[in-house]
Every structure is written in C-alpha cells, then in structure tokens.
Amino acid sequence: MDKKGATLLLFLVLLAAAAEADAVHGAGQRKEEVAAAAPTTTHLHFYFHDTVSGKSPTAVRVVEPPPAAASSSSPTSMFGMVNVMDDPLTAGPERGSAPVGRAQGLYMGSDQARLGFLQAMNLVFTSGAHNGSTLALLGRNCPLDAVRELPVVGGTGAFRFARGYALLRTRWLDARTGDATVEYDVYVMH
C-alpha cells in the first residue's frame with residue numbers, strides 16, 4: 001500500500017472513531033457531562049384545591065355548556081363547559097397547609113355521556129427544592145373515578161425534559177358547589 005492509500009485509510013479510521021464517539025457521548029459533550037445528565041425519578045405528593053364557588057373562586061367558568069348539552073341523555077356531563085384555573089397546591093389536605101405551588105390552566109367538559117374533562121395545566125412550584133420549576137400535564141380527567149391518571153408531557157427548570165404521570169384521587173367534593181380537594185401523586189423522570 002502506498003503512502004497516499006495508508007493516509008486515506010488512517011483518515012477513514014479516525015473519522016469512523018470520531019463518529020462513534022459522537023454517537024456514544026453526544027455532540028460536544030464530554031463523557032462526564034452525559035453521565036451527569038442521566039434521568040432522575042422524582043415523586044411529588046401534594047393537594048390541589050379547586051374552588052368554583054364563593055367570593056374568591058380559584059377556577060372560573062368562561063364558557064357555559066350549550067343548552068343542547070343540558071337536555072341530552074346525560075345532563076350531568078357538562079359537555080362544552082370551559083373553566084380556567086389558578087388553584088393552590090398545598091403540602092397537606094387542609095386549604096391552610098403549607099403552599100407548594102399553583103395549578104394554572106384549564107379544564108373543559110369533553111365527554112357527552114359522563115362527567116369527563118380534558119385538563120391542560122402547568123404545575124408551578126413556588127417553594128421547596130423545586131421552587132421556580134414547572135410541570136406540564138395534559139390528559140383526560142373523570143373526577144368521579146376513584147383514581148385518574150394524567151400524563152406529564154414536559155417541564156421547565158429542574159424538570160426540563162420531564163415525562164411521567166400523575167395519579168389523582170378526589171379527597172373531598174362538595175356536590176352542590178363543585179368545590180374539591182384532590183390528592184396528587186406525581187412520578188416524573190427528568
């Protein structure tokens with residue numbers, strides 16, 4: 001093999017090794033940085049307080065269900081209703097327990113047969129280790145089911161690249177007003 005052929009072969013071997021290192025360690029990242037970015041799993045536990053009644057509601061109806069929905073075969077479905085929320089999150093089930101953050105977003109009646117919501121919200125953490133971080137949840141919430149599961153679809157701050165799920169359990173519901181306290185167990189990889 002002549003000198004040009006050997007140089008070309010050496011160049012191709014080095015190029016292949018560089019491509020392999022880039023695929024294994026990531027473009028522009030050292031091996032230690034990639035190892036430090038390995039996903040962490042975090043379990044969060046708190047309570048969500050949705051108040052739609054009284055002088056200081058934390059959830060406000062912005063669209064009423066159309067009259068046709070009220071006369072359908074399931075008048076309790078709330079199909080077509082839209083509420084916007086800025087609900088407190090607390091460490092304990094009592095409304096006055098230590099604040100953890102806010103649930104900001106909306107929920108809308110999206111089931112014609114039963115009470116079922118499409119819920120889209122940001123969990124905005126305002127205290128503790130995750131202060132300033134958020135989690136985004138989007139999914140189906142049937143509040144009369146014993147346990148519901150909402151997917152975690154993203155996050156910011158400590159929860160960048162978040163994915164996971166939240167289990168919701170209604171702990172208190174006033175059927176007359178619609179006010180509720182919901183327990184959240186959130187499992188998130190970030």
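Let's start with D185: setting aside neighbours within four places in sequence, D185 is in contact (heavy atoms within 4.5 Å) with H43, L44, H45, Y165, A166, L167 and R169. This is a predicted model, in which local features need pLDDT of at least 70, side-chain atom pairs count only at pLDDT 80 or more, and totals for chains, interfaces and linings use all residues. Residues are numbered from 1 along each chain as its sequence is written, and side-chain values use heavy atoms, with hydrogens and water left out.

So where does D185 sit? D185 is part of strand β9; helices (H or I, at least four residues) and strands (E, at least two) are DSSP runs, numbered from the N terminus. D185 counts as buried because its relative accessibility is 10%, where buried means under 20% relative accessible area, exposed over 50% and partly exposed in between (1.4 Å probe, protein chains only).

| Side chain | Partner side chain | Distance |
|---|---|---|
| D185 | H43 | 2.7 Å |
| D185 | R169 | 3.3 Å |

Now for the whole chain. The protein chain has three helices and nine strands, and along the sequence they run α-α-β-β-α-β-β-β-β-β-β-β. Of its 190 residues, 34% count as buried. Take the contacts between residues at least 6 apart in sequence: 48% of them join residues at least 24 apart.

Next comes the nonpolar core, a set of buried Ala, Val, Leu, Ile, Met, Phe, Trp, Tyr and Cys residues joined through side-chain atoms within 4.5 Å. The largest one holds 28 residues, and F46, M121, L123, L135, L137, Y184 and V186 touch the most other members. Strand β9 gives the most to this core, with five residues. Not counting residues up to four places away in sequence, V186 touches T42, H43, L44, F46, L123, L135, V152, Y165 and A166. In soluble globular proteins, nonpolar side chains tend to be buried together.

Terms used: A polar contact is a pair of N or O atoms within 3.5 Å; within protein, one must be able to donate a hydrogen and the other to accept it, and residues adjacent in sequence count only if both atoms are side-chain atoms.
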